[in-house]
Amino acid sequence: MTKTLAGALHSEVIIKKSRFLGCIEPIDSHQAGKQRLAELKAQHPEARHLCFCMLVEGQVLQSDDGEPSGTAALPMLRVLQHKQLDRVLATVVRYFGGTKLGAGGLVRAYSQAISEPLNSADLIEVKTLSELCLQLDYEFESQLRHQAEERALTLEVDYQQQIIAKLTGEAEDLELCRVALQEASSGRIQVL
């Protein structure tokens with residue numbers, strides 16, 4: 001089961017005068033994550049580094065933003081994967097305090113800035129939506145509406161010579177709806 005966050009989480013870690021501002025927040029797409037990164041860069045123009053890890057539907061975008069390779073984004077990604085999170089953006093803004101922390105110190109700092117707030121996070125299950133398009137005679141419209149309502153599917157209807165219906169919902173519910181409608185119509189409803 002894949003999870004995401006109910007809302008944004010923040011942390012602040014100070015190690016040897018370096019300030020690490022962590023934020024983990026839900027996102028719907030890589031584009032939304034990139035917009036958020038641009039906002040953070042504008043909010044923190046004096047920061048030395050803005051490291052991030054973005055995970056959307058298993059696809060990862062990440063950057064160490066000038067930190068030694070593998071010391072920032074990868075530790076953040078490991079925290080997200082350990083918690084089985086998806087559709088999240090983890091960022092850490094670092095204000096350099098003048099003392100180098102070394103590779104191990106950086107890994108610990110970036111991991112801590114992301115993992116600490118996740119200990120008290122409200123997580124929600126990620127549900128992937130699918131679509132089903134059907135073509136049917138008008139006589140089956142009431143059954144279509146009943147099946148869509150019963151399974152909490154979103155229904156869009158286009159009235160032409162026949163009804164063209166687009167159903168949106170979880171794949172399992174869409175399949176149950178399709179089977180029920182095709183049985184009720186003796187196979188006269190077409191899947192587009």
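This is a predicted model: local features need pLDDT of at least 70, side-chain atom pairs count only at pLDDT 80 or more; totals for chains, interfaces and linings use all residues.
The largest nonpolar core comprises 26 residues, of which Phe20, Ile24, Met76, Leu80, Tyr110, Ile114 and Leu118 touch the most other members. At least two residues of this core are supplied by each of β2 (9–15), β3 (18–26), β4 (49–56), α2, β6 (88–95) and α3 (102–118). Helix α3 provides the largest share, six residues. With residues up to four places away in sequence left out, the contacts of Ile24 include Leu9, Leu80, Val88, Ile114 and Leu118. Another core, of 14 residues, lies apart from the largest one, and Leu134, Ala165, Leu167 and Leu181 are among its members. In soluble globular proteins, nonpolar side chains tend to be buried together.

Helix α4 (residues 141–150) has buried residues at Glu141, Leu144, Gln147 and Ala148. These residues lie on the same side of α4, because they cover an arc of only 130 degrees around the axis. Ser142, Glu149 and Glu150, in contrast, are exposed on the other side of α4. The packing partners of the buried residues of α4 are β8 (129–136), β9 (154–159), β10 (163–170) and α5 (171–184). Just after α4, Ala152 adopts a positive phi of about 55 degrees.

Thr71 is located in the loop between β5 (59–63) and α2 (73–82). Thr71 counts as buried because its relative accessibility is 4%, and buried means under 20%. A polar atom of the Thr71 side chain lies 2.6 Å from the backbone oxygen of Pro68. Not counting residues up to four places away in sequence, Thr71 touches Asp64, Ala103, Leu106, Val107 and Tyr110.

Key:
Residues are numbered from 1 along each chain as its sequence is written. Side-chain values use heavy atoms; hydrogens and water are left out. Helices (H or I, at least four residues) and strands (E, at least two) are DSSP runs, numbered from the N terminus. Buried means under 20% relative accessible area, exposed over 50%, partly exposed in between (1.4 Å probe, protein chains only). A polar contact is a pair of N or O atoms within 3.5 Å; within protein, one must be able to donate a hydrogen and the other to accept it, and residues adjacent in sequence count only if both atoms are side-chain atoms. Contact means heavy atoms within 4.5 Å. The arc is that of the directions from the helix axis to the C-beta atoms. A nonpolar core is a set of buried Ala, Val, Leu, Ile, Met, Phe, Trp, Tyr and Cys residues joined through side-chain atoms within 4.5 Å.
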